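Please read them with the model open.

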Amino acid sequence: MPTDTRRITGPESSVSPYSFCKIQEPQPLFNSQDLRKDGRKCDQVRPIFLKTGVVSKAQGSAYLEQDGTKVICAVYGPRAVIKKEEFSMKGQLRCDFKYTTFSCKYRRQYQQDNEEKDYSVQLLEALEPAVLLHKFPKAQVNIYVTVLQNDGSALAASITCSSVALCDAGIEMYDLVTGCSTRLAGDRLLLDPCKHEEYSSKEHSEVNNGSVTVGLMPSLNQISAVTSSGEIQFEHLKKAINKCSEICVQLYPVCQQSLSKSVKENIKENT
Amino acid sequence: MAGIELLSDQGFRVDGRKANELRRIQCRLGVFTQADGSAYIEQGNTKILAAVYGPHEIRGSRSKALHDKVLVNCQYSMATFSTGERKRRPRGDRKSKEMTMHLQQTFDAAILTSLYPRSQIDIFVEVLQSDGGNYCASVNAATLALIDAGIPLKDYVCACSASFVNDKPIMDISYLEESSGGAELIVATLPKSEQIVFLEMNSRLHEDNLSHVLDMAVKGCKDIHDVLDQAVREHVGEVAAISGLE
Amino acid sequence: MVDVQLSDAEKTYIIHGAQDNLREDGRGCEDYRHLEIETSVVSTTSGSAKIRLANTEILVGVKVELGETSPENPDKGRIEFFVDCSANATPEFEGRGGEDLANEISNMLARAYDCPSCLDMRKLCVVEGKKCWIVYVDVLLLECGGSLFDASSIAVKAALYNTSIPRLTVTHDEGHTELELSDDPYDVQRLDVYNSPCIVTLSKIGHSHVVDASQKEEACCLARLMLAVTDKGCVTAMKKEGSGSFDVSSIEDMLETGKKVGQSLNKSLMEVLVSEDRNMKKKYMTGYLR
């Protein structure tokens, strides 16, 4: 829904209500017992709920919940490419990543902003290596990822969720892709960060402060996505990537379980 | 505009030129390797890059193809940092769309279009720094790029602007003179055959003076032609020397 | 990006070459191609730089404008990146054709500069909570010959180094704040870009990886790793691009290479910039005329 620019929605000069917010003092990310704000240990991941087949119209879909982070993904296709210019003998993937307008602290717009476009591309590049694109020539698969509620690690959750949805849609794949992110704070690695733990440039200025997200194909042991932000030394970066890959491997059974469960249910229904 | 005297009693303009003097023109052909033809021109502080691709197959929808002549496709864009105040976008605004159309019309008249039916020639113009006379410099740059690409033209296309200050016509006006509110006449000609391929005038000018101003602009085109011709000859000489053709 | 068609035999040749640390143009795997930098080329900007990396031609203009501070960061200025893929580079970029690539580059640049030590944004604040300098970095891509991210980041760093911001005097007068611009055009504030990052793109070819891939090499590479490396040897942004994937151990090798190449790139870039700055008055500007 595009916004109407001609309609005056408020007084001509206005001040954002957020400018009256008191700027919170940055709080330490963990307390003296090494426990984080929500009571987790540094290397503890939030529990995951994963369910497939949640959108009945779509070929495949999945819903993933990690405490406050809720992601839904629907996969449509393979369907014929309509535009002639986009013809290709390989199949094509299309990704659309969107935060719902109410998912974050500040209201999001209906149109994709730069961050969402960036995430769409990263998601696409994370999934592409895992899909047998040559199996559906001249066709495309559309993946729509919607973040219903964002409490950190949205990209990592979307990677896991969309690869499960692709699998649910019966698209042939080499492997699933699981995602994990971590926050670096000095020597510490805070796995699966919440929103307030995620890196933002305005807080600290010390080195080794940032976020890393990794997408891994666990049975092939291949990394298909890796991004970082914030200033990190190379040694810490390596450590973070390795730690994330470890967690990604641990996520694998969760995905397998939910997929096999849905297959079993399907068989039961059809017989 | 009060305060600024565009033409002094001694006959000098703000930047020290005489009324019938062009700004310094410096140019270079073959700036890029990937384009079929490219050129860079500096007219005073106006700096423009032009690239030509083609003639090639029609891109996009085939319905655009013309059965008896080549399709001349132009794009005019200005770098966001080219003007004094930052531009929000490089192209797509009304002014650059109009400029694109004008360039297209100009070169449609100058290229031997009937030689390449069902094909397309792309002319892309990029303004790097703007100080008045953007259209003129764009045309001159595009002409050089077309020549560099080896596309048959009827003649050089040279463009020059002129204005009228203190009962005197002035040639090749800069941004300051353009924005002072006086008349602005822009003309593109084929200098040898003395044909006008494009003519535009803004603001108010008395009918009696029109011919003086037009003569001044056409004279400017001829001067520009001499400069461009020399640059082309030098370039061809260099290329010939490099490829051992002398 | 511009497509290059390669036969299988040519691809094999390039892949085997990369394995033996010898590339089609005689470079080693960790070498950049010839690089030319020129600063202050556009006089309508606060700072500008033009870079030519083999066939890649990029012009960067930096303009500073006075604007409102954002409510989240009342004590900081802002930096905004805009990339324009000119149709001069390839006809595919005509109209909105280059927008996807442009967005990718500007997002990566924004992410690379989004950390406090790269550029001190607090120095760009004029009146806290009210006025600050907004630095617009406009990248204009004029010719594509591979390594666009690397070349853009180098050009951006050079242009920021070249940027001069007019000095302002702030006076408070009965609740009013007045800004006064210095009359002296040489009374300016320069940006400290010593710790700004340069992007190094490592392209995976076969089992080895190369820096600054040419277009032919890009055609036989499936996955690239981009690292924004600072002089101190830190990564400020990382991104994987392309449809391939990496082995866990090969990422470690690539990080090693990235660190080495990135640090030496930063070092030599700063040397060139400092020496060019010193010779500024003697030099005659050539720009695109050579």
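1. In which sense do strand β6 (residues 158–165) of chain B and β7(B) pair, and over how many bridges? They pair in the antiparallel sense, over four bridges. Pairing here requires that DSSP finds at least two bridges between two strands. Within this pairing, Phe164(B) has Pro169(B) of β7(B) as its bridge partner.

2. A word on the basis. This is a predicted model: local features need pLDDT of at least 70, side-chain atom pairs count only at pLDDT 80 or more, and totals for chains, interfaces and linings use all residues. Residues are numbered from 1 along each chain as its sequence is written, with chains lettered from A and ligands numbered from 1 in the order in which they are written. Helices (H or I, at least four residues) and strands (E, at least two) are DSSP runs, numbered from the N terminus.

3. The chain B sheet is open and antiparallel, with four strands in the order β7-β6-β8-β9. β7 (168–171) and β9 (195–202) of chain B are the edges; each has a single partner strand, so one side of each lacks a neighbour in the sheet.

4. Now strand β6 (residues 178–185) of chain A. Eight of its eight residues are buried (20 or more other C-beta atoms within 10 Å of a residue's own, C-beta atoms being placed from the backbone). The strand is therefore largely enclosed by the rest of the structure.

5. β6(A) has antiparallel pairings with β8 (residues 209–217) of chain A over eight bridges and with β7 (residues 188–191) of chain A over four. Thr182(A) bridges to Val212(A) in β8(A) and to Leu191(A) in β7(A). In the β6(A)–β7(A) hairpin, with two residues between the strands, Gly186(A) takes a positive phi near 65 degrees.

Notes: A residue is buried if 20 or more other C-beta atoms lie within 10 Å of its own, exposed if 12 or fewer, and partly exposed in between; C-beta atoms are placed from the backbone.
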